[in-house]
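Q: Could you walk me through this model? I have a few quick questions about it.

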Amino acid sequence: MRRTELRQLVPLADTTIYDMERRGEFPRRFNLTARCVVWDLAEVEAWIAARRQASDLDQLKRAPSPDVRQRKRRPVKEMPA
């Protein structure tokens with residue numbers, strides 16, 4: 001599948017996909033021709049299924065919630081005790 005089709009199936013930014021590929025966390029793209037880069041549909045679907053299973057089992061690490069008290073603009077005021 002080409003990049004436009006991949007974007008419809010995987011709603012991640014191109015840079016995120018490329019970074020995940022580099023780390024071995026996403027199926028690698030390959031050159032179909034000298035100017036055409038594609039991903040294997042079966043590999044991408046298997047990756048999605050594995051992510052779904054990991055999500056169902058709570059195995060995916062979630063990003064920590066940001067500490068809004070450390071914001072530079074409009075910091076959250078402390079509540080009186």
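Q: Which residues is E21 in contact with, leaving aside its neighbours within four places in sequence?
A: With those neighbours left aside, E21 is in contact with F26, P27, R28, R29 and W39, where contact means heavy atoms within 4.5 Å. Bear in mind that this is a predicted model, in which local features need pLDDT of at least 70, side-chain atom pairs count only at pLDDT 80 or more, and totals for chains, interfaces and linings use all residues. Residues are numbered from 1 along each chain as its sequence is written, and side-chain values use heavy atoms, with hydrogens and water left out.

Q: And is E21 buried or exposed?
A: E21 counts as buried because its relative accessibility is 2%; buried means under 20% relative accessible area, exposed over 50%, and partly exposed in between, with a 1.4 Å probe and protein chains only. E21 lies in helix α2, residues 14-23, where helices (H or I, at least four residues) and strands (E, at least two) are DSSP runs, numbered from the N terminus.

Q: What does R3 touch, beyond residues up to four places away in sequence?
A: R3 touches D14, Y18 and W39. R3 itself is placed in helix α1, residues 3-9, and is partly exposed, with a relative accessible area of 33%.

Q: Switching to the strands, how do β1 and β2 pair?
A: Strand β1 (residues 30-33) and strand β2 (residues 36-38) pair in the antiparallel sense over three bridges, and two strands pair if DSSP finds at least two bridges between them. N31 has V37 in β2 as its bridge partner, and β1 and β2 form a hairpin with two residues between them.

Q: In what order do the elements of the protein run?
A: From the N terminus on, they run α-α-β-β-α. The protein is more spread out than a compact globule, because its radius of gyration is 19 Å, well over the 12 Å that the globule rule gives for 81 residues; the radius is taken over C-alpha atoms, and the rule is 2.2 Å times the number of residues to the power 0.38. Along the principal axes, the C-alpha atoms fill a box of roughly 65 × 30 × 20 Å.

Q: What share of the residues count as buried?
A: Of the 81 residues of the protein, 17% count as buried.
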